[in-house]
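Notebook open. I am going through one structure and writing down what I look up, entry by entry.

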Number of protein chains: 4
Amino acid sequence: MAGKLKAAVLGATGMVGQMFVRLLEKNPWFKVEVVAASERSVGKRYCEAMRGGGTLGEFSEETMNLEVQPLNPKALKDVDVVFSALPSDVAYKIEEDFAKEGFIVLSNASSHRMDPDVPILNPEVNWEHIVLIEDQRKRRNWDGAIVTNPNCTTAILTLSLKPIFDRFGLKRVIVSTMQAVSGAGYPGVASLDIIDNVIPFIKKEEEKVCSESLKMMGSPEKPASFKISASCHRVQTIDGHLEAVFVETEEKVKPEDIVEVMVKFESEPQKLKLPTAPSPPIVVRFEEDRPQPRLDRMAGDGMAVVVGRVRKDDVFECVKYVVLGHNLIRGAAGCSILNAELLKAKGYL
Amino acid sequence: MAGKLKAAVLGATGMVGQMFVRLLEKNPWFKVEVVAASERSVGKRYCEAMRGGGTLGEFSEETMNLEVQPLNPKALKDVDVVFSALPSDVAYKIEEDFAKEGFIVLSNASSHRMDPDVPILNPEVNWEHIVLIEDQRKRRNWDGAIVTNPNCTTAILTLSLKPIFDRFGLKRVIVSTMQAVSGAGYPGVASLDIIDNVIPFIKKEEEKVCSESLKMMGSPEKPASFKISASCHRVQTIDGHLEAVFVETEEKVKPEDIVEVMVKFESEPQKLKLPTAPSPPIVVRFEEDRPQPRLDRMAGDGMAVVVGRVRKDDVFECVKYVVLGHNLIRGAAGCSILNAELLKAKGYL
Amino acid sequence: MAGKLKAAVLGATGMVGQMFVRLLEKNPWFKVEVVAASERSVGKRYCEAMRGGGTLGEFSEETMNLEVQPLNPKALKDVDVVFSALPSDVAYKIEEDFAKEGFIVLSNASSHRMDPDVPILNPEVNWEHIVLIEDQRKRRNWDGAIVTNPNCTTAILTLSLKPIFDRFGLKRVIVSTMQAVSGAGYPGVASLDIIDNVIPFIKKEEEKVCSESLKMMGSPEKPASFKISASCHRVQTIDGHLEAVFVETEEKVKPEDIVEVMVKFESEPQKLKLPTAPSPPIVVRFEEDRPQPRLDRMAGDGMAVVVGRVRKDDVFECVKYVVLGHNLIRGAAGCSILNAELLKAKGYL
Amino acid sequence: MAGKLKAAVLGATGMVGQMFVRLLEKNPWFKVEVVAASERSVGKRYCEAMRGGGTLGEFSEETMNLEVQPLNPKALKDVDVVFSALPSDVAYKIEEDFAKEGFIVLSNASSHRMDPDVPILNPEVNWEHIVLIEDQRKRRNWDGAIVTNPNCTTAILTLSLKPIFDRFGLKRVIVSTMQAVSGAGYPGVASLDIIDNVIPFIKKEEEKVCSESLKMMGSPEKPASFKISASCHRVQTIDGHLEAVFVETEEKVKPEDIVEVMVKFESEPQKLKLPTAPSPPIVVRFEEDRPQPRLDRMAGDGMAVVVGRVRKDDVFECVKYVVLGHNLIRGAAGCSILNAELLKAKGYL
């Protein structure tokens, strides 16, 4: 274990927090030394404080026995990096407290995502936005940093769009989602609401998909200018968001052109061989009925997105396809861990 | 029961066939006298021949004890109207045999839908297409007729689009569906394929949605010319197809304009007060999370569609909404029964 | 509506409370005049205060617009009968307050069930226990009364056991349950806990099944003396508890003997033709794969239990069978309404 | 790969067949050289012939490309061991054909299980029954052998009962099951039959649980004499059978005695350190709500059973508990692979 950076996970008892801890148990560069959570959990053993304990499977004995710490930056001097799975309402201030104290905070919370000097990083898509950290430090006069990962649906969507955007340009994107219940945390969606049912609404999700996608796919200074619209729905899958995407490109393309750029796509994380970087980041399948959440969500250990049914669309006279990603891994904790690896590779950690 | 027209149901043992029988048990104008099916079932009591027996609930003693008849028009002299729930592969010829023998066949099969002289009738949408029957009789030189109902997804979609089309014109429509397992019949979708899963493919569904919608929303002579594209997905609901719709109209509109024309919408079936006509045909809900399949599929006894989340769309700079309908009722058997009622009201029966 | 008794429903905003209101909308003897709930809901319109609103379907306009009242007996002078769906922790004191004030309280809460002077009434099973009211009034020196219905699982089980007990005597009963999620209220069971899963534990359920069954099947003075053991499990059904029952009778019996007494069974509610009394109370099915929750839970409008697979058991050398009942109707609100009807028929109301 | 025994899998395209192939891909002692199936599949690539392809996840390229062979022992000269996942109706004769040709057949089919000279082996429970092979060879005059694994429910049940039986004796066992849909193969259970439902019937399952358990827990010559009764039900889980067990022992015991013998239990496969032998074979959990299928079915890589809720039972005045096992691994393919490892360790292979 010598040489691993010491990590703290804030909000470690929730669904995404647990996924951070779980993924970090196998990470070669980071080791969880601190799990922190709200007052309710402080002082308990981690395994007793977890919500919906065990839904994500077993943890190591050592992890289970960690004592939950308070969300206090002063108390965490001996930590190299901080992952935040805090709920958005409390994340705003606490994450700033940690940044002021000099910590680099990799956050899954939405609170700071739309701040102009805070990057929303999905490394294959916009690793160059990392430079916003400099701007942020100057403006805010702190030594730490806040770096966010996008909303789960956005992370999956933008990764699939990136090679299209780079090669052919994007004019219009329409996306309709079928999202897993784990995206709502624990206890989250009541079983009475989802058995034999679909819920055609996820609070603020459609807005996030649009604003975050444009921010991420633009330059660090300026959002992208394509048009985008989303309709978001909750279905009865445990993990894995499926998205039906209709795309109009700047340049005229055929489905096979889209397939080609997706298959060949790789980006900075793959070039740097970051431990969590999936290879390939986009898995293209050619069966008529894939991707499927249960069968495909663990592609690339949950860090790849799986694209299928790339076909001609008659409205945009362009292309439509279906994309799937693991909402808790590529769409949340895994993405922030990849961000941390990128920061380390680039000398920020 | 005096005065009721005598009905036969072809393919009565399948899912849609059972729904025909079930709905006709309560219909004031028609009475099922004959249930007919393939060789395998002929001679059995209806209750023993049903596939997945009981999924749709109980039938009357009289119905249960009907003896299944062969699919032979010669044997059915004493019947006034024929409903067909035959599988598409066998429907083509058998339905023609019945039409030649002088029967009016109301069919749920897709075999004849795209024939230019066969109407695809969703009465609130295109009851005027009824005139194609004359054309059909002349061309084919028969006294009977074949009248189809649209594919389930199309029936629901076109009903929601009709008031928009009439008032504002349609330029482009994108629809992404979340369809119930009953749409695949019985046994249909294997439980192993759908638990904790979504299947992003339904054979020929996307093609049907597009071609049928354009045929139906045009004049009897010529299809409509708006552009339409669909992505179809199977989710784990029993009944009720949910569709996310993105619309661009000819004329500039606001969401409240769309709501207004939907709420006020009524058509020939409502004016004629046909027994199966829902009133209103389009139920608009204003909660942020409706319609939901389990809660809303029985609106208007399964004959209404329920629209919700009518809101601004930034891609078409127009409107997006969600619509739900019962796939076996408005989307199949109920629609053909309403067609039969229309034919009777218009003197064809 | 003239002549209907005026009813109040305490705890009207929860799952069982909503079911009380819903069933009473159609009841010929009672009419809900008051919905009462905790501080959080007081003053709101009923439709806004309901938890998981709409899960049970639509209510009448009049009902939806009722203003939620506080749980205060002084404020309800003009009410003839009180139904309680209060959570057990608060029910204890509040129900006593109402009884002291002279109200007859029909309660679904478990708080008072095991009090020796409070009947647990499942009318077909132990309507004679109604006499405990006299005892209760003397002991407690109040004019009102508290009458409880059994726990959902117990209500279903005891109804199926009653004709066996009466005719052949019971020595030992083992029951293993598969219970619906609605039994846990709303939001109740998290979807993440039940999709692709079974939870083999329901708090205090096994204890209740045993102690309540013995109290109910004994005389008003003394519990029955047969042995009983339960194992309770939550499965992914919305409504309808299924129970596998293994029975040893005092007298030697064959499966057909059991079937016979079940089929012929009727009790006081049937004789009195109480409006909510199902006829027959026990539906016996002979298919090899029934009863099934989705297909059979509404038998007798949810008030009957459905028994199937009555067959020889090799351990007790007696009989085993499967029984199903609607947990929110026969197992909760419907049972208390039937109790109220019994009280009225017997002159207590 | 040098030194691995060459294996053939008969009926390789079904659910259990695929699980055999999948588990053998990781087995250090055996390597699948031949996949064989019915005429329909012969000559196809294995990945094209699989039913419900992909439900069990991905296979290696090499495996995917195997050409499906006919079910003909003459054609398989170069194979050391044969695993059979054939349907019971065809297994009877084909397995005998292979045994006559000198092959040792490890079978999941029920056809030969109750033959007196064929062992039903669940190695931790009755590895000594291996001696029946000698008897079988003499009687049948062949050099091969047929060795079966028990029915899935039985495999899980008997493993949990074994330490109790050995230490305290068994008088009576009642078991009520909640079984996963994968136990019915593919396509198996229709989604329309199991969504929001439980099916309280599995063909011949209750009979198998009883007769197989007694045969296995007796001596090779004579079945055990305790009494046993089962009620079997299908619930909506993908994998993992959960069983509620009520036990009466010969000797008086307390729950903690049962826990102790379970926790300490190990048997021949553990002593021989067979590669597929789980250690421990019985995992005892002490949470009040475990085991749960989704969380616990992969314990011991699917080869362990997980026991929980060991508690006092008031009917037998003994003990009741819940046990879970993976129906396709411990309950089918995994068990036969462990049998093959046992045979190899004992010199039969």
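I started with contacts in chain A, counting a contact when heavy atoms lie within 4.5 Å. Among contacts with a separation of 6 or more, 76% join residues 24 or more positions apart.

Ground rules next. I am reading a predicted model, where local features need pLDDT of at least 70, side-chain atom pairs count only at pLDDT 80 or more, and totals for chains, interfaces and linings use all residues. Residues are numbered from 1 along each chain as its sequence is written, chains are lettered from A and ligands numbered from 1 in the order in which they are written, and side-chain values use heavy atoms, with hydrogens and water left out.

**Chain A overall.** I looked up the secondary structure and found 13 helices and eleven strands in chain A. These are DSSP runs numbered from the N terminus: helices are H or I with at least four residues, strands are E with at least two. The radius of gyration of chain A is 19 Å, close to the 20 Å of the globule rule for 349 residues, so chain A is as compact as a globular protein of that length. That radius is taken over C-alpha atoms, and the rule is 2.2 Å times the number of residues to the power 0.38. I noted a C-alpha trace spanning about 60 × 50 × 35 Å along the principal axes of chain A.

**Burial and surface.** How much of chain A is buried? Of its 349 residues, 67% are buried, meaning under 20% relative accessible area with a 1.4 Å probe, protein chains only.  Chain A exposes about 12000 Å², and carbon and sulfur atoms supply 49% of it. The areas come from the Shrake-Rupley method with a 1.4 Å probe.

**Helix α10 of chain B.** I checked residues 255–264 and listed P255(B), I258(B), V259(B), V261(B) and M262(B) as the buried ones. They pack against α7 (152–168), β9 (282–284), β10 (305–313) and β11 (318–325) of chain B.

**The sheet in chain C.** I traced an open sheet of six strands with mixed pairing, in the order β7-β6-β8-β11-β10-β9. Two strands pair if DSSP finds at least two bridges between them. β7 (227–234) and β9 (282–284) of chain C are the edge strands, each with a single partner, so one side of each has no neighbour in the sheet. I then looked inside the sheet: β6 (residues 170–179) and β8 (residues 241–249) of chain C run antiparallel, joined by eight bridges. I174(C) stands opposite F246(C) in β8(C).

Key. Buried < 20%, exposed > 50% of the residue type's maximum accessible area, 1.4 Å probe, protein only.
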